[in-house]
Amino acid sequence: MSLGHALRRIVEEYPLARTDPPAGHPLAHVIRKGAPDELRRALAPLDGPFLVKGSPGRGSHWAAVPWLAMFDPAVTTSATRGYYLVYLFPAHREAVHLSLAQGTVAAIREHGARAGEHLRASRVRLRQRLSDFSDALPVTAITLGTSGELPEGYEAAHILGVTYDLDALADERRLHADLATGIAAYRALKAWGGLDLPVLR
């Protein structure tokens, strides 16, 4: 299995998989183990350390939006806070987003109903600092095709990235190149001070 093959399996199989319980499901295993293993192999030349996690959901419930994330442990070890690089799988189309994203749950806890507004304002400021990556990571808005606090939070938390359709997932060289660019943007954001950036004048 390659990174592209693992991502494609999740995109193609997730809608049907959700009709069965996640416990013991082969696709849940791919998301938790197979896809993270492929992502670790792809990250190996990029001089980590990176913590890689995949989530098909929690307990007996599939996630509305499954994800496969990379964390710099010096920044965060969780998708709930800080910022990280993540593959997000929309519910409404056969595609996957590579997203440099802000932690959503922490924003919801801190800002409540205004979390989306806070995240959208923050991402505008962060993009100013990451303008060198705007051509290579051109997608500035994502849609995940489902309502709810977390999916809508993920949409608002997106800073910049790339969207792939199924055909693009066959291009392993491009996936690795975009991953390297995403990691470079992640490191640049860290070097600039992370989410605590001063407002540019």
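Q: How much space lies in the largest cavity?
A: Rolling a probe the size of a water molecule over the atoms shows where empty space is left. In this predicted model, the largest cavity holds about 40 Å³ of space.

Q: How many cavities of 30 Å³ or more does the count give?
A: The count comes to one cavity of 30 Å³ or more.

Q: Which elements give two or more residues to the lining of the largest cavity?
A: Those elements are strand E3 (83-88), strand E4 (95-102) and H5. Among the lining residues are Tyr84, Val86 and Leu88, along with Ser99, Ala101 and Gln102. Tyr154, Ala157 and His158 also line the largest cavity, as does Thr104.

Q: How does that lining divide by class?
A: Six residues of the largest cavity's lining are nonpolar and four are polar, with no charged residue.

Q: Turning to open space, how much lies in the largest pocket?
A: The largest pocket contains about 430 Å³ of space. Its lining is made of 18 residues.

Q: Which lining residues lie nearest the centre of the largest pocket?
A: Ser55, Arg58, Trp67, Leu150 and Tyr154 lie nearest the centre. Tyr154 is also listed in the lining of the largest cavity.

Q: Which elements supply at least two residues of the largest pocket's lining, and which gives the most?
A: Strand E1 (51-58), strand E2 (61-71), helix H3 (104-111) and helix H5 (149-157) each supply at least two. E2 gives the most, with six residues.

Q: What classes of residue make up the lining of the largest pocket?
A: The lining of the largest pocket has 11 nonpolar residues, five polar and two charged.

Definitions and conventions:
Residues numbered from 1 in each chain as written. Predicted model: local features only at pLDDT ≥ 70, side-chain atom pairs only at ≥ 80, totals over all residues. Heavy atoms only, no water. 1 Å grid on protein atoms, 1.4 Å probe; cavity = no way out; pocket = protein on both sides within 12 Å on 5 of 7 lines; lining within 4 Å. Points joined across faces, edges and corners; volume = space filled by probe spheres on them. Helix = DSSP H or I, 4+ residues; strand = E, 2+ residues; numbered from the N terminus. Nonpolar A, V, L, I, M, F, W, Y, C, P; charged D, E, K, R; others polar.
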